[in-house]
Structures are given as structure tokens and as C-alpha cells.
2 protein chains.
Amino acid sequence: MASIKDIAKQAGVSISTVSYALNGSSKVTEETAAKILAIAKELNYVPNAAARSLKKRETKIIGVFLTNYGGAFYGQLLQGIQEALNRKGYEMIVCSGKESHRFIPERMIDGAIVLDYFFSSEELIKHANAGHKIVVMDRELTHSNINQVLLHNTSGATLAIDHLIEKGHRKIYAVSGPEGSYDATQRIEAVRQAVKRYADIDYHELPGDFNKPAGEKAAEQIVKEFTEPAAVFCLNDEMAIGMYNYLARTKYEVGKDIHIIGFDNIELTQYTSPRLATIDYSERKWGAVSAEHLLKLIANEPVEHERIYVTLIPGGSVQNV
Amino acid sequence: MASIKDIAKQAGVSISTVSYALNGSSKVTEETAAKILAIAKELNYVPNAAARSLKKRETKIIGVFLTNYGGAFYGQLLQGIQEALNRKGYEMIVCSGKESHRFIPERMIDGAIVLDYFFSSEELIKHANAGHKIVVMDRELTHSNINQVLLHNTSGATLAIDHLIEKGHRKIYAVSGPEGSYDATQRIEAVRQAVKRYADIDYHELPGDFNKPAGEKAAEQIVKEFTEPAAVFCLNDEMAIGMYNYLARTKYEVGKDIHIIGFDNIELTQYTSPRLATIDYSERKWGAVSAEHLLKLIANEPVEHERIYVTLIPGGSVQNV
DNA sequence: ACTATAGCTGTAAACGTTAACATTGTATAA
DNA sequence: TTATACAATGTTAACGTTTACAGCTATAGT
């Protein structure tokens, strides 16, 4: 509650001198500065964020927009963002929900990192037009104030399909993702391209939405039309887990009757039995790169879009047929 | 970027009239208000958060402080907090890391919900002394500006031990939590009380830190001194999972040789085999209650401390012996 | 001794709001 | 007709900073 004014009064100097002293300006004598610092500490002075950002027109805070907090999924990602930001003197806040979008136009944050399905591209572009800097992790958006840091979905999906083929599978299902999802679209498109390269594939597509129940539903369908061992590429691990759950209640075995590969390498996959084969990428790096790109955008430095590479993690869920 | 001043100029009125109109004051003619609103919309006007909170001395934002984002643990909790806050016109931001603590004295937020092992109680009390309102979810702290919303650790731990006893176990291990953790201290204390009620218990305590490796290490120890089937109460699920992992690499079977019960009912427990017995509570409710209490604290309404009740979830990991 | 210069410190405007208070105009009552 | 009240709008100070600029003092150069 103590303000710069209180310090000035107690130190017998003007508020500007206090301000300079607190900001380490060389304009103030060491002696004066020391006295001011001491009084500031004594009064438990902390600068008022609102006043400072009103004047400086920046907050040194970056907002990360997430659809929801479910799943261990975001842990490493946020860690990566946070570390990269702190290194440059920025703070991170995590926001979720439509209402929090207002932080951008209200200038509560200096930039936004978006991984939020519910954040419409029109809205993002509106904010970009108003001069706000944004990094998107879940869509392609071309704008001078927007940078993309995306997963290499295409090569991931190709890796997955190639792995199934290598293991001798010819009957292949893909369980898709939600309608508007960029990741889902890219992955399914890559799958279609990949299977096209082989003449003898018996390829089927099942709808999905990236959640467990969709995986269960897909499993139900696959079981219903079961004739011979089949392989399934679930476009994310979550649905693969759902599929495990459903199959556990049937006589069909994962890695024997139904072979499954996922995408994301979420923590849970390590505890599935047999271990889920999946596509992995460094969440931490994905986050760090996004943060770095955003800061460059803010500093008006040139930045290129970037894609994060992915690798195949084999597992007992996909075996030779 | 358009400010109230731009609107005033274009509408040919004073800035105060604009302010009143935008805030829906009845002081302004409907006609004038309509004109002003129209111009505001046309100029894409959004109030500047810094200016507003500088003047109003409030931000309508609540900060939730978490140690880290690892684990699916916080998902429902945050959801609960967010819903409760939004209902009352507040926004939630999630903060992590020591630096973010400054949001409190800087008045960036109107209140704090703390579930952060690294946030020292001295620091919290200092902030409370400065008039800031805080709800703690991970410690007992008595202060007029601090409210506690805690888990009913004691009854949870008692439920766990009683369950093991009911199942006929007499050789019982407890794997403890980290040194300074409030939850850990409460739980282990309750365990000691509980086993004291039975004369014939062969009780052992093993150190732990709430992480998987600690569970593995404890499992190693238990296996080393294995003579007969034993039961283990891991003070959280995370360590129980670590124990599963270790035992999977041995000849000992969970639910047969080693019986395990955890605490928290994290999502992962549903995918362990056999299912992990554990202690459950509603994360969502825990979050919602915390948020409600904080808002009451802010409104200077009376609030009592609260404890969230817990229940036993049986599982194949604990069977009759 | 006088001026120029450098080094500190002070003055004041500005950032964008809100809200108390002042002013103006108009309708109502005496 | 004039005082009175009230409704609508305007003026202004304040919130707590930062920072351009002005002012002062002491030192150094002539």
C-alpha cells in the first residue's frame, strides 16, 4: 500500500528521484539511492502493477489459453513455456474459458499463446489486427502478428501407418478427431495419403472426438465387424485408452486381435498393458519454442513458423501379424 | 486502442458521459447512451484493464497458485474454481513459480488460492498482513485474511487403515509423504493413531515424497524383507503407481502378495490392474468451495474453515488375506 | 571572476479510467 | 412570474507510475 509518494516524503526527495532510484537509474547518487531503497524495503513497497502498466503500456505477462486443464497433457508444455518466458523476464498466466479472452484487448497481457479449440480464428485475427501478438499451436493462421508453432502431424501419422504396415497389417482402421480440429484434420489427411501408397490395404475410417468414449465406441464397431486381426490408428492416445477399456470387457486382446497405435505419448500410455505404441514429441520443447517465438514477435524481430518433430514409440500394442 | 476520449470526441459529449453510458448508469439519456454504445462498438472500444483497476483498486481476477502442472490431478479442481468464480463475475488465472508470487502485493489479483508447496507460510502471512485475501488448500494457517479449505485427511487415512484391517491384514506398511507437506503429516499421524487402536498390528513406516520413484523404492524395501503377504498404504496414488511399476518387474503380485491402497483417486487408478483401492474426494467441489470462501473473504463476509469429505474406493489391489 | 558544463534532483504531464461535484437546462409548483 | 427541483451532462481530481524537461549546484576551464 505504500506508494512511491510515501517513500518520497519519508526520504525528503521528489517522487521522480524515488522512481529513478527504484529503477536503478544512474541519475541518482549512490547515497540517495541507498537511502531510498532502504526506506522502500522498510515500508514493504511493491510497485503497483496497474499504474506501471498503464504508463509503460506493457505488463510483462504472457497469457496461455487452454481449452481445459484435463489430462496430464499440458504439464510439460506449460513448464516449457514458463521457463522460456522467465528467462526473459516475463511471467506466464494460464487462462481458460471464453471470458478470459478479454485479457487480450484489455491489454492485461503482452501476448498470447493459444492452444484452445474454442478460441475462434476470427477472434484471433481481430486481435491480431488490433496489434496484439499471438502464437498459435493448434491451427494455421497467416498474419503478420501471428506465428505458428505446430506439431509435425503429417510425418507422425505417416510414421504410425508405416509402422502398422511394417508389422504386416493390411486391415487398418483410423479413428478420427473432432470436426474443426487442425491436428485431427492434418493427421487424417496424412493417413489417407499414406494408405494410398499401398495397393492392398483394407482401409476404414471411424469418427472420433479425441476423448475416451469415442475410442470405446470405435472399438465396439470394430469388434462388431471382426473377422480377422486388425490394426487401429487412434489419432490420439486418449481414444486409444478408451479402446483398451472397451476391449478389456471383451474376449479380444490388444496386440493380438486388435493392434493399436496412438498419438501424443501421454503419461498414461506407460501404464497400459501391453504398452501402447504411439507417436511422441517433446511437449517441453513445443512450449519453449512457442514462447520464444512470441517474444520475438513482441520485439518485432523476424520469426519463421516452426514445426516440432515427432518420433515413433513402439509398444506391445502393435505386433507382427 | 480507442479510448473513452476518442468516443467522447466522436460523440460530441464529455468523457464522463461516455463512462457513465458504458457502465450502464441511469444518469444518461437512453438516446445518448445508445449513440455512445454504437460509437464504442464501431471503434472496437475495450476498456483498459490497467487504468480501470488503478482507479477502482480491484481487478476482478483471482490467482490460483500451483506448485506445478504435472499430473491430471488439477483438472477438475481448476474447473471447480473457475466455475464458481465466473458465476460471480470473477476471472481465474493459474500461476506457478516463485516469481508469480509478486502478483499478490502488486495488486494484480484480488485474491489468491494457494495449493503450492513452495509458497512459504511466512510469505502468505506477510501478504495477509498487508490486507490481501487468501484461501489455503494445503496447510493450516490462522489469520483473519486467510481461510482454510482442506481435505479430511484424518478420516481418509483412517478409512484406509480400517479397510486393510477389515480385509484381515495385520502386517501393514505406510509410505509417507514429503517432510513439510501438510497432507502428508496429517495422513501419517492419523495412520499412527489408527493402528494404535489394534493390539496385534505389525506396523512399519517407510519414507516417501509423493512421487513415483519413492513408491518404487518403498516397494524394493518391502520385497527385500518379504516373508508373508503384506498391506501397504501409500499416502498418495502417485507412489502407489510407482509401487505397481516396481512389483511388475518382480514375482510379487499386487492384490495377492502385496496389497496396496492409495489416496487421491487420480485418473490413472482406473487403468491399473488390478484396480488400485484408494481414497476419493470431489476435486471439483474442493475447488468450488475454495473459490466461494475466497469471494466471501473479499466481500468481508464471515467464513468458517471447511473440510472436504472423503470416501473409500475399494479395488482389486486390496483383497482378503 | 565568470561562464560553460556536468551531475543531481525537482516539476509536471501523461497513461485511461471513475466518480464526486459543478453546471446547465427544463419542467413543476407556488 | 419566479423559485425549486430534478434530470442530463460537463469539469476535474485522483489512482500510482514513468519520463521529458527544467532548475539548481558545484566544478572546471578561460
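Here is a short briefing on some ring pairs and their surroundings.

Please keep in mind that this is a predicted model. A search through the whole structure turns up 10 aromatic pairs over all chains. A pair of aromatic rings is described by the distance of the centres and the angle of the planes.

**An edge-to-face pair**
- The ring centres of Y117(A) and F118(A) are 5.6 Å apart.
- Their planes meet at 70°, and an angle over 60 degrees counts as edge-to-face, so Y117(A) and F118(A) form an edge-to-face pair.
- Y117(A) has 41% relative accessibility, so this residue counts as partly exposed.
- F118(A) has a relative accessible area of 56%, and because exposed means over 50%, F118(A) is exposed.

**A tilted pair and its cluster**
- F263(A) and Y281(A) make a tilted aromatic pair, with 6.5 Å from centre to centre and 45° between the planes.
- This pair links distant parts of the chain, as F263(A) and Y281(A) are 18 residues apart.
- F263(A) belongs to the loop between β9 (258-261) and β10 (278-280) of chain A, while Y281(A) belongs to the loop between β10 and α11 (283-298) of chain A.
- Both F263(A) and Y281(A) are buried.
- Together with W286(A), the residues F263(A) and Y281(A) form one aromatic cluster.

**Arginines over ring faces**
- Which residue lies over the face of F263(A)? It is R187(A), at 3.6 Å from the ring centre.
- In chain B, R187(B) lies over the face of F263(B), at 3.6 Å from the ring centre.

Methods. Residues are numbered from 1 along each chain as its sequence is written. Chains are lettered from A and ligands numbered from 1 in the order in which they are written. This is a predicted model: local features need pLDDT of at least 70, side-chain atom pairs count only at pLDDT 80 or more; totals for chains, interfaces and linings use all residues. Side-chain values use heavy atoms; hydrogens and water are left out. Rings of Phe, Tyr and Trp (its six-membered ring) pair if their centres lie within 6.5 Å; planes under 30 degrees apart count as stacked, over 60 as edge-to-face and the rest as tilted. Buried means under 20% relative accessible area, exposed over 50%, partly exposed in between (1.4 Å probe, protein chains only). Helices (H or I, at least four residues) and strands (E, at least two) are DSSP runs, numbered from the N terminus. A charge sits over a ring if NZ of Lys or CZ of Arg is within 6 Å of the ring centre and within 35 degrees of the ring normal.
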